[in-house]
Amino acid sequence: MTATSFPKTEIKILLLEGIHPIATEAFAAEGFQVEAVKGALPEAELVQRVADAHILGIRSKTQVTEAVLAAGRRLLSVGAFCIGTNQVRLRAATQHGIPVFNAPFSNTRSVAELIIAEIVMLSRHLGDRSREVHEGRWRKVAVGSHEVRGHTLGIVGYGHIGSQVGVLAEAFGMRVLFYDVLAKLPMGNNRPAKLAELLAQSDFVTLHVPETPSTKNMIGAEELALMKPGACLLNASRGTVVVIDALADAIKRGHINGAAVDVYPEEPETNSDGFSSPLRNLPNVIVTPHIGGSTEEAQEAIGAEVSASLIKFINTGATTASVNFPQVELPVTKGTHRLLNVHKNVPGVLRDINKIVSDMSANIRAQLLATDQDIGYLIMDLDHDVSQDVRKAVAALETNIRTRILF
Ligand code: NAI
């Protein structure tokens, strides 16, 4: 650390909404000051509290509005300790020069395990049998109950979750087909297939695609009709992927034997809101309240992943995996001085910055720039400790959004 570095002990981290303690521990181990608040804060209070924070950590309930971002004059970054980032005004954050990090893949395993459990449950009509016994009815039946071994699972969307499901299902003795828009490396004996072929051959079809225009209503009446009679459908991806009325209809007609659904086109905002769906009370249908990724292990993994991204950003400027920023990561070279600059993305900025540096007779040891529609993000390593002068000159440029010296 040189004299120009901002002391680590002065870095203030404000964590809201009961973020897992593993994150607090990681920040404390770096020497940062951490304040952890249990709940979310209303905008007016957050505007006050964020004023002297360098990092703001939230989960899904805190709204990071334009006013919050504007009040965060020292704010270096926002960590969304969850999957979604709708609660953050991302474009405004970008324009303020604030990268936002989340943890999109920390709950992959949790979702994959739920799907495996549900395949067995559907195969044995466990939801119905359990409900009957709870209600005092004893229906001991074997007809229509099956082992999953030797049956075929079709996976639509073979990304992080889909491919894990494929590995686990194969370990169970299932035959696995998958369909993806991209060419994907098959795990184990999983086999790629066309969607129509997968639907026609699978005893269970599980969906693991993102929410995009191409996946909206991807499984409707036509696709359900292509499915093998008696097959089951599982959806723990996004509610918009399946036409729920068409699924309810196919189940009532007996063409589809059962379903496990975790996500819906419209979901209640809070746990106290009610819920209704055409799927309620249909036979062999497992309905869960979007809990695919909700485990304590996933919460811990999220705490570890987002804090690691934030610490790396604070210490090196790396924006890899940020959801709203150009991705820039430059290895740290000993004996250099690092400057970070966020600027408006207009032509000529790099030329202006390089001129400032060369006018001060400093040598650029490394430089990496990436841009998006609004901003450019530059990491620059200099061999002379002229960083303060360079910083002042760069910060004075009309195009400047934020400039800081790292070391
Ligand atoms: P991912 O991005 O790793 O994988 C998605 C895969 O779908 C990619 O391989 C992509 O190429 C493929 N794909 C995209 N469009 C497609 C199309 N039209 N047809 C076929 N394949 C297509 O995503 P990940 O992490 O596996 O998540 C999958 C889904 O699970 C997402 O929608 C996510 O929101 C959801 N999810 C749900 C959770 C829950 O609590 N139920 C928790 C975590 C994720």
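**Domain contacts and the ligand site**

Student: How is the chain divided into domains?
Tutor: In this predicted model, the domain assignment gives three: domain 1 covers 10-107 + 297-319, domain 2 covers 108-287, and domain 3 covers 326-407.

Student: How far apart are the centres of domain 1 and domain 3?
Tutor: Taken over C-alpha atoms, the two centres are separated by 25 Å.

Student: And how many residues of each are in contact?
Tutor: On the side of domain 1 there are 19 residues, in contact with 19 residues of domain 3.

Student: What area is buried between domain 1 and domain 3?
Tutor: About 1300 Å² is buried between them, and carbon and sulfur atoms give 44% of that area. In domain 1, the residues that lose the most area to domain 3 are Thr94, Thr316 and Thr319, which together account for 34% of what that side buries.

Student: Why quote an area at all?
Tutor: The accessible area lost when parts come together is often used to give the size of an interface.

Student: How many salt bridges are there between domain 1 and domain 3?
Tutor: The count between these domains is two. As for individual pairs in the model, the side chains of Asp374 and Arg91 meet in a salt bridge, with an N to O distance of 2.6 Å.

Student: What about polar contacts across that interface?
Tutor: Eight residue pairs are in polar contact across the interface of domain 1 and domain 3.

Student: Which elements of domain 1 give two or more residues to the side that touches domain 3?
Tutor: They are α4 (90-95) and α11 (296-316). Helix α11 gives the most, with five residues.

Student: And by class, what does that side of domain 1 have?
Tutor: It has six nonpolar, nine polar and four charged residues.

Student: Changing topic: how many residues surround the ligand, and which are the closest?
Tutor: The ligand is surrounded by 26 residues, of which the closest are His160, Ile161, Asp180, Val209 and Asp262.

Student: Where do Arg49 and Glu45 sit relative to each other?
Tutor: Both are in helix α2 (residues 43-49), and because they are four residues apart, about one helical turn separates them.

Technical notes:
Residues numbered from 1 in each chain as written. Predicted model: local features only at pLDDT ≥ 70, side-chain atom pairs only at ≥ 80, totals over all residues. Heavy atoms only, no water. Domains from an automatic or database assignment. Contact = heavy atoms within 4.5 Å. Buried area = accessible area lost by both parts, 1.4 Å probe. Salt bridge = Lys/Arg side-chain N within 4 Å of Asp/Glu carboxyl O. Polar contact = N/O pair within 3.5 Å; in protein donor to acceptor, adjacent residues only side chain to side chain. Nonpolar A, V, L, I, M, F, W, Y, C, P; charged D, E, K, R; others polar. Near = heavy atom within 4 Å.
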